[in-house]
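Let's take a walk through a protein model together, one stop at a time. Have the sequence and the 3D view ready, and look up each residue as we reach it.

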Amino acid sequence: MVRLAAAIGVLGIASLVLRGERPARACSGGYYDWVDPYSVFDPDVLGDPALAPVYYDRDVSRYGGYNPGFGEDALVADWHGYLAGAASDADWRKVLFATTAADVEALQRRIAGKPGALPKGFEHSSLGAQPAARPRLAAALAVVKLAHDVEPSAMFASAWDPTPGPSPPPALLAAATAGLTATAADPFLTQRYAFQAVRVLFYQRDWPKLVQFFDQHAAVLAGPSPGLAWRARYYLAGALGKSGDHVRGDLELAHVHAHYAPLAGAAAGDFHPGNDVDWSAALAAARTVRDKTELWRIAGVRFDGIGAAREILRLDPKSDLIGLLVVRELARAESLAEASFQGDSDNAAGNHALADIEKLVLQLAATPGVDRPWLASLAAGHLAARRGDLAATRTWIARALAGKPNDARVTGQAQASLSLALVATWKIDAAHERELAQAMRALSVADANQRRTIAEVRERLAKLYLAANRPLDAELLRPGIIDETDRSADPPVAKRRWVTAGFIKQLIAHVDHPVTEFDSFVAIQSSLSSQTLRYELALRDTLDGEFAAASQLFTTAKLSSTRLSVDPFVTHIKDCRVCDEKKYAKAPWTHASVIARLAQLAPVAAGTGESAVDAAIQIGNALFNFTEWGNARDVLRATHQDSSDTAPALRWYQRAYDLTKNKERKAMAAYLAAKAERGSVSSLPSIDDANGELPVPHVWFGKLKTLSDTRYYKDVVRECGTFQRWLSSTP
């Protein structure tokens, strides 16, 4: 209680300023910020998805407002029973949530037999199909029309602008109270008219009158719809806060938080005891143990979950209110620890939080008759996994599974925790690999928490297998780890694995032909699919000059091939990628057709004569344009291939230079080779390092200089400023 009191004291001034504002926002329709916490413990093991707005989220300091989507199904179900077939659920859902006041008026006219067009979407509606049901339908539409008329007052300018809408006119309150009287014999409609009166009074900001009205009509507002009853009490809590009755207001928020999940998040966000006096007064005003435990839980969500859970445990060991605090505090502790496998020995806050929640769950597990004992066991197993205690993890999750058998989410979390414990104590042997593969089979990437567990396991294993000189497993477990390791090596790795066809072929074999269950786990859940790897191999073969093999792969493996919207065989003295993209936007070239063309050109380029020179230059152009220096850079960008490596293009330009007898073509080949040389010598000094001048291709500029009597040489001098400056600085 000390930690909780301190937290309330610190927040006192802010809470007094904000008190009562959130109910107004929430009841008018708010918004949520959905940002995943770092925790890999699944809070949905609680079995109540509607509680999601009060699950812990480290990146959201508030709890959002009222999301209109929550509770809609229950409201439609209420009306289903009342209308008794007078309208289909689909049609009535549209009436409630997808119409305007004018639309409802049009429906009212049609039900009354008056002429007029139906609203869009209701042309084939079931409304009014049964003449005997029309009076009941007309009465239902009347209260819906009133709700729509109140709505403009409940709207804000935007999600970020809390400026309220116009105050509801007095006529709306009169209509609500008249409807309340007229439907006295119909509890269903009476409750709804009373609820609309509460809304009108709230948006008129008549707080005392709203509280008075609620107290006078408490029995009417209490049923038959539980959802509507709790929404009315949420408005009441806002009015109480505005009128200064913070103690009763906080009690009401605690009740809403505990009993109506669709508004639990909003109620928690609104709960702000101003100081210890307020908090003590609220506890004193709580008449029953249940009232007190509800107060403690909402306070725990807002301030100190561990302290609140212990207070609830002291008051009522069997309380069902502790579970939410357990999953919240476990998630908070994991988030503070930053990462499940980072070995946060220096993270005092995270380690302290993990120790605190573990003490709580062990206390719960040791308490006879505690609510959902399997939850305490499941949490204890997960925390043991975090500590790397495999034996304790096995014991605790076995208890959890025995206490909650045949529950998919509990089973999934148990297997996730076991996986984390296995990896934390990992040994590269068949037994560990087999057990982990079996545990991971229970997890799905479609589930957010399980996806995070899978990512944690694969990341840790990738590092272990890379260190054990098993690069194929490492790369499939966490694609990219090979590139990162090779690039950061000191001294740098001379030739990275991904730029060798042999490595890619080994990966393909690993994916296509897994031998063990672990091999299947490594391959099946990897983003490096068989098709992805074959595309990599096709591009690697292309860069290596194996054009026929690359082209055949595109055909036999049916690899994805899209239009490039450029002509990769085009080149210039002074390149302009944007110009090429505009000029050749409708060019028909695709990945497959370009490589097929390269396969046709290669035999020609391997020959002699000027036709071989032309073919070699065309091949060089395409390979140069595939790099980041060219106009078709997207070809390599989505791969592991080095998009800055112009060496493949340089080889073909050099062949053209060596082969041609034509001085103009030799000059062209020399200059194109210079462009490629520049892409391969980025570590060389430039003419003007201070101004970010590109590296200068001294070798091929030197060869071009010897061809100064050609027209192409003069064109280069005229267009290429780098060459001009190089000439002026060269003896």
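We can begin with the sulfur atoms. A disulfide is a covalent bond between the sulfur atoms of two cysteines. In this model, a disulfide is counted when a pair of cysteine sulfur atoms lies within 2.5 Å, and by this rule the count comes to 1. The partners are Cys-576 and Cys-579, whose sulfur atoms are 2.0 Å apart. The torsion about their S-S bond is about 65 degrees, so this disulfide is right-handed.

Before going on, here is how to read everything that follows. This is a predicted model, in which local features need pLDDT of at least 70 and side-chain atom pairs count only at pLDDT 80 or more, while totals for chains, interfaces and linings use all residues. Residues are numbered from 1 along each chain as its sequence is written, and side-chain values use heavy atoms, with hydrogens and water left out.

Are these cysteines buried or exposed, or something in between? Buried means under 20% relative accessible area, exposed means over 50%, and partly exposed is in between (1.4 Å probe, protein chains only). Cys-576 is partly exposed at 27%, and Cys-579 is partly exposed at 41%. Another cysteine, Cys-720, is buried, with a relative accessible area of 10%.

Now step back to the whole chain. How many helices and strands does the chain have? The secondary structure comes to 38 helices and 0 strands; helices (H or I, at least four residues) and strands (E, at least two) are DSSP runs, numbered from the N terminus. Of the 731 residues in the chain, 52% are buried. Contact here means heavy atoms within 4.5 Å. Among the contacts with a separation of 6 or more, 67% are between residues 24 or more positions apart.

Of its 14 residues, 11 are buried, so α15 is largely enclosed by the rest of the structure. Among the buried ones are Asp-291, Leu-295, Trp-296 and Ile-298.

Next, let's see how helices sit against each other. Two packed helices are described by the angle between their axes and the distance between the axes. The axes are lines fitted to C-alpha atoms, for helices over the stretch in contact, and the angles run from 0 to 180 degrees between N-to-C directions. Angles under 35 degrees count as roughly parallel, over 145 as roughly antiparallel, 65 to 115 as roughly perpendicular and the rest as oblique.

Helix α4 (residues 89-97) and helix α6 (residues 134-150) pack at about 30 degrees, with their axes 9 Å apart. That makes α4 roughly parallel to α6. Trp-92, Val-95 and Leu-96 of α4 make the contact with Leu-137, Ala-140, Leu-141, Val-144 and His-148 of α6.

For the second pair, find α8 (residues 187-203) and α9 (residues 207-216), which pack at an angle of about 165 degrees with their axes 8 Å apart. These two helices are therefore roughly antiparallel to each other. On the α8 side, Ala-194, Ala-197, Val-198, Leu-201 and Phe-202 meet Trp-207, Lys-209, Leu-210 and Phe-213 in α9.

The loop between α8 and α9 holds Arg-205, which is partly exposed at 41% relative accessibility. Most residues other than glycine have a negative phi, and most peptide bonds are trans. Phi of Arg-205, however, is positive, near 65 degrees. Asn-406 also has a positive phi, near 60 degrees; this residue lies in the loop between α20 (390-403) and α21 (408-424) and is exposed at 81%. As for peptide bonds, the one from Gly-223 to Pro-224 is cis, with omega near 15 degrees. Pro-224 is in the loop between α10 (218-221) and α11 (226-243).

Our last stop is Asn-449, in helix α23 (residues 448-467). Asn-449 is buried, with a relative accessible area of 11%. Which residues does Asn-449 touch, leaving aside its neighbours within four places in sequence? Its contacts are Ser-39, Val-40, Phe-41, Asp-42 and Pro-43.
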